[in-house]
Amino acid sequence: MRKFLFRISAFVFVISLMIPVLASGDEGVLERVKNRGRLICGVHGSLPGFGFLNESGEWIGFDVDYGRAIAAAVLGDPSKVEFVPLKAPERFPALQTGEIDVLIRNTTWTLTRDTQVGADFAPPTFYDGQGFMLPKELGITSLKELAGASIGVTAGSTTELNLTDTMRALGVDFNPVVFEEIDTLYNSYEQGRCDVVTSDKSQLVARRQVLKDPEAHVILEATISKEPLGPVTVHGDNKWNDVVSWAVYATFFAEEHGITQANINTFETQNPEIQRFLGKTGDIGEKLGLSKDWAHQVVAAVGNYGEIFERNLTPLGLPRGVNKPWTQGGLLYAMPFR
Amino acid sequence: MAESEFTQEIRPPKNTIGVLPWIKENLFSSWYNTLLTVIALGILFFLLKGVFTWAFTEAKWEVIPANLQLFAIGAYPIAEVWRVWIVLYTVCALIGLSGGIWGGLTLRFAVGIGGCGIVCAFLSMGISTLGWAIRAWVLGGVALLAALLFLGTRSVSVFPKIRRWVLVGWLLSFPWTLIMLRGFGKNAVLTTNWGGLLLTLILAAVGICFCFPLGVLLALGRRSTLPVVKWVSTAYIEIVRGVPLITILFMAQIVIPIFMSDNIRLDKVLRAMLGITLFSAAYMAENVRGGLQSIPRGQYEAAQAVGLNYPLTMLFIVLPQALRSVIPAIVGQFIALFKDTSLVTIVGLLDLLGIAKTVIANPDWLGLQAEVYIFVAAIYFVFSYSMSYVSQRIEEALGVGKI
């Protein structure tokens with residue numbers, strides 16, 4: 001009896017270890033997502049405005065909303081998405097090995113990443129760039145005046161490389177002060193251990209808000225790098241990349257034409273392109289391998305680009321900047337829906 | 001009459017007991033000790049003044065109660081939180097039963113846990129987010145523990161086999177916990193949603209429970225006379241000990257999926273569990289080996305003389321003595337493992353420390369890292385110190401270190 005009991009418990013134990021082993025076939029990502037009935041989206045677990053957990057354990061953020069938008073487009077339900085927080089070194093392996101279907105984690109589109117690390121990029125959802133923040137009282141307005149300054153930067157990122165390259169090109173001598181953690185960087189800046197801090201402007205703006213006296217710090221006009229951030233799919237799955245790209249374009253298109261989460265169900269128009277967009281005529285959904293009303297689902301789930309931006313990034317004090325529709329002088333340009 | 005001659009009234013020695021004499025004896029016994037005391041007090045005053053001013057006037061502690069749910073269970077959906085309670089109740093029931101049946105230290109442990117539960121239920125009065133429902137759940141758990149404790153004390157005489165059943169219960173509580181937390185079908189809670197203290201405790205419990213037997217086997221293997229067993233064990237121990245835990249975790253998260261075929265996907269949490277267990281087992285093996293080496297040869301020979309074979313010798317003669325002598329090292333290893341679970345943050349799991357990072361990324365709580373990290377450190381301390389305390393009591397009960 002005793003032996004039997006122990007055998008049974010050992011057996012149950014081994015079986016319980018196998019529970020988390022999931023199976024997936026050899027199909028494309030779109031089929032994989034549809035069969036699973038759930039999108040798996042890699043995000044940044046702790047980036048203000050882009051991806052974090054709120055007090056009741058829900059994922060919130062700009063990148064998170066794009067994950068929901070893709071889930072809405074493919075599965076018709078923005079809640080059918082599993083967010084996997086990823087650290088920078090593991091994001092591309094996770095994409096290549098199929099652990100995640102799409103990576104929306106503040107990832108800059110570069111040539112090397114596009115060609116060497118097995119990634120394909122969808123249109124950027126956020127155009128960022130590296131900038132500088134320093135105390136207003138220094139009265140500095142251009143990079144050339146930074147000679148001899150100690151500049152705080154986080155280690156191992158392209159930020160550090162951009163800083164060195166730019167300063168060398170300008171012929172300005174400076175002391176780099178390298179920090180491992182973002183929090184330490186801003187704490188040290190506030191305590192005066194470095195004169196200037198450099199990072200992506202979106203981060204500078206967000207962090208300036210929580211300094212003791214935000215008004216005492218300025219962000220320089222100069223932008224020394226281009227950081228187009230957007231969703232990433234695995235290299236070579238064009239069908240899936242199309243779906244992700246057009247889900248992004250759908251949010252751009254909706255803003256260009258004033259379609260919002262609130263008015264999408266009652267939106268009346270004679271414009272044939274908008275009618276195609278809303279799935280009332282044509283077969284754009286079928287061409288993508290999606291349902292007829294996929295774009296309708298996207299906008300109903302998360303709203304248009306402007307709404308996503310205002311919900312997540314405006315509270316951080318981020319200005320729209322170049323992240324405006326091309327019709328208003330920005331860089332957001334939806335390809336034609338036909 | 002002769003009595004008065006011998007009875008000499010001896011006055012008690014002056015000023016050796018009490019607070020003031022203690023202070024004089026230890027702090028102001030000579031001029032240089034007085035000087036040192038004054039300087040130390042001055043430094044202490046300025047340090048503590050800074051700490052207290054910050055803690056009571058500047059720090060924004062409201063970030064802690066507002067995010068208690070996150071710290072406790074991470075992204076675990078609130079609608080499914082009953083699963084966590086059921087697991088807690090299972091553990092409470094087992095602790096209660098064990099305390100009742102075995103008595104002694106187990107009983108004290110069970111009473112201690114119950115006491116903690118009651119304190120928690122009433123301590124949280126000031127925190128609004130801990131609603132009455134949670135308090136009721138906690139008190140219910142304590143009641144269950146007490147009831148089963150009582151039942152346990154009564155049942156031993158009536159039904160002696162109960163000890164065996166409780167042991168089986170503990171063994172089964174592992175798969176039960178994992179199945180219960182994850183669930184099946186539509187309402188399954190994916191492990192990516194496990195987080196906070198829940199994930200930390202699961203990782204630590206799995207690591208502790210599995211690294212111990214594995215470590216004992218490796219230690220025996222390393223001392224084995226069979227060459228292959230010996231080489232394999234030695235190679236395993238030395239290779240794993242020569243690599244940092246972070247490297248093993250990265251291997252598990254990044255390299256293993258590349259090797260595996262496309263249609264098998266090992267769970268991320270499971271991979272972290274494997275990494276932590278395999279890593280700790282190597283250290284555990286060396287601790288146990290230290291104990292094994294302290295057993296005199298005579299013990300083995302005596303065991304052989306009475307006709308015990310190798311497994312019986314080890315199980316009944318050598319290991320009980322060997323393990324007893326290395327309890328401090330083993331518990332030290334467990335505490336280290338508990339704290340090492342925080343490294344899974346680096347591979348993107350949201351354990352207690354990972355949750356701390358996501359809390360300070362919330363725009364509402366930006367810049368409050370000091371408060372959040374202090375809170376998390378306090379939790380780690382409470383658990384680590386409890387383990388250390390329990391191990392001291394176990395040592396006392398077993399008479400370790402007594403000459």
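This is a predicted model: local features need pLDDT of at least 70, side-chain atom pairs count only at pLDDT 80 or more; totals for chains, interfaces and linings use all residues.

Q: How many helices and strands does chain A have?

A: Helices (H or I, at least four residues) and strands (E, at least two) are DSSP runs, numbered from the N terminus. Chain A has 13 helices and 15 strands. Its C-alpha atoms fill a box of roughly 75 × 70 × 40 Å, taken along the principal axes.

Q: What percentage of chain A is buried, and what percentage of its contacts join residues at least 24 apart?

A: A residue is buried if 20 or more other C-beta atoms lie within 10 Å of its own, exposed if 12 or fewer, and partly exposed in between, with C-beta atoms placed from the backbone. By this criterion, 43% of the 338 residues in chain A are buried. Two residues are in contact if their C-beta atoms, placed from the backbone, lie within 7 Å. Of the contacts in chain A between residues at least 6 apart in sequence, 74% join residues at least 24 apart.

Q: What span should helix α6 of chain B have?

A: The expected span of a helix is 1.5 Å times one less than its number of residues. For the 21 residues of α6(B), residues 82–102, this gives 30 Å, and the end C-alpha atoms are 30 Å apart, in agreement.

Q: Which residues of α6(B) are buried, and what covers them?

A: The buried residues are B:C92, B:A93, B:I95, B:G96, B:L97, B:S98, B:G99, B:G100 and B:I101. Their cover includes α7 (104–123), α8 (132–158) and α9 (162–182) of chain B. Just after α6(B), B:G103 takes a positive phi of about 65°.

Q: How is the packing of α7(B) with α18(B) described?

A: Two packed helices are described by the angle between their axes and the distance between the axes. Axes are lines fitted to C-alpha atoms, for helices over the stretch in contact, and angles run from 0 to 180 degrees between N-to-C directions. Angles under 35 degrees count as roughly parallel, over 145 as roughly antiparallel, 65 to 115 as roughly perpendicular and the rest as oblique. The axes of α7(B) and α18(B) (residues 369–398) come within 10 Å and cross at roughly 160°, so the two helices are roughly antiparallel. The contact joins B:G104, B:L105 and B:F109 of α7(B) to B:V390, B:R393, B:I394 and B:A397 of α18(B).

Q: Is the crossing of α10(B) and α11(B) left-handed or right-handed?

A: A crossing is left-handed if the near helix is turned anticlockwise from the far one by less than a right angle, and right-handed if clockwise. Helices α10(B) (residues 196–222) and α11(B) (residues 227–241) pack at about 125°, with their axes 7 Å apart, and are therefore oblique. Their crossing is left-handed.

Q: Which residues of α9(A) and α12(A) meet, and how do they divide by class?

A: Ala, Val, Leu, Ile, Met, Phe, Trp, Tyr, Cys and Pro count as nonpolar, Asp, Glu, Lys and Arg as charged, and the others, Gly among them, as polar. The axes of α9(A) and α12(A) (residues 294–302) come within 10 Å and cross at roughly 70°, which makes the helices roughly perpendicular. Their crossing is right-handed. A:A247, A:A250, A:T251 and A:A254 of α9(A) meet A:A295, A:V298 and A:V299 of α12(A). This contact has six nonpolar, one polar and no charged residues.

Q: Is A:W246 buried or exposed?

A: A:W246, in α9(A) (residues 238–256), is buried because it has 25 C-beta neighbours inside 10 Å. A:W246 and A:M335 are 89 residues apart in sequence and 8.5 Å apart in space, C-alpha to C-alpha.

Q: What is the phi of A:N106, and where does this residue lie?

A: Most residues other than glycine have a negative phi. A:N106 is not a glycine, yet has a positive phi of about 45°. A:N106 lies in the loop between β6 (102–103) and α5 (111–116) of chain A, and is buried, with 24 other C-beta atoms within 10 Å.

Terms used: Residues are numbered from 1 along each chain as its sequence is written. Chains are lettered from A and ligands numbered from 1 in the order in which they are written.
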